Amino acid sequence: MDTFNDRISRISKGKQWAPDGVVHSPVQITRRKGRNGPVARLFHTISLPMAFALGLLAMAVARYARLAVSGVPEGGQVLTSTLAVDALMALVVSFLLCQIVQMRSVAQVVVSVIGTSVGALAMHMLVHRAPETFAQFFGPAWVNAVLATTDPNMVLYGHLLQRLPV
């Protein structure tokens, strides 16, 4: 019978969660040691640009999903009138994609959110530079509306357009 003093001595030894007789497998021990090695740091460093690209992809997917559901908005304000809705959907998609591909560290999720923000504010610049490519995915009506309502060197935020010194 385990007495109170036996429990206190086991806790002071640091074995409160693994009582005597429980042995961790060598695989579990090496996994714990290997997460801070140089290979893990290299993969973490590589994962940051991948997380940024994942955020950009999430923005494109969110805009495509909204376009498929609601079509091109009236008045041709394709990007400025729906920017908040697109950005919110993209943040959700970005978070889900990060969880699916196991990019769960805070740095990876933050970089993915930054990628989503850049996609929200500057995706139209890519549309101006490659309209044929975007017309294949989003359709010519959407691309023509983007080209008609935005300038190629402007950053979108809210309903305001700000010119970049390019």
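This is a predicted model: local features need pLDDT of at least 70, side-chain atom pairs count only at pLDDT 80 or more; totals for chains, interfaces and linings use all residues.
**Notebook: a salt-bridge network and a nonpolar patch**

I started with the charged side chains and found R63, R66 and D86 linked in a network of salt bridges. I count a salt bridge when a side-chain nitrogen of Lys or Arg is within 4 Å of a carboxyl oxygen of Asp or Glu. Numbering runs from 1 along each chain as its sequence is written, and side-chain values use heavy atoms, without hydrogens and water.

How many salt bridges does the structure hold? I get two.

I looked up D86 with R63: the N to O distance is 3.2 Å. This pair links distant parts of the chain, with D86 in helix α4 (residues 83-100) and R63 in helix α3, 23 residues apart. Helices here are DSSP runs of H or I, at least four residues, numbered from the N terminus.

Then D86 with R66, at 2.6 Å, N to O. D86 is in helix α4 and R66 in helix α3, so this pair ties together parts 20 residues apart in sequence.

Buried or exposed? I call a residue buried under 20% relative accessible area, exposed over 50% and partly exposed in between (1.4 Å probe, protein chains only). D86 counts as buried because its relative accessibility is 0%. R66, at 8%, is buried too, and so is R63.

Last, I checked the surface: V39, L42, F43, I46 and M50 form a nonpolar patch with about 500 Å² of accessible area together. Patch members have over 30% relative accessible area and no salt bridge, with nonpolar side chains joined within 5 Å; areas are Shrake-Rupley with a 1.4 Å probe. L42 sits in helix α3 (residues 38-70) and counts as partly exposed because its relative accessibility is 48%.

Terms used: Patches are made of residues with over 30% relative accessible area and no salt bridge: like charges are joined within 9 Å, nonpolar side chains (Val, Leu, Ile, Met, Phe, Trp, Tyr) within 5 Å. Helices (H or I, at least four residues) and strands (E, at least two) are DSSP runs, numbered from the N terminus.
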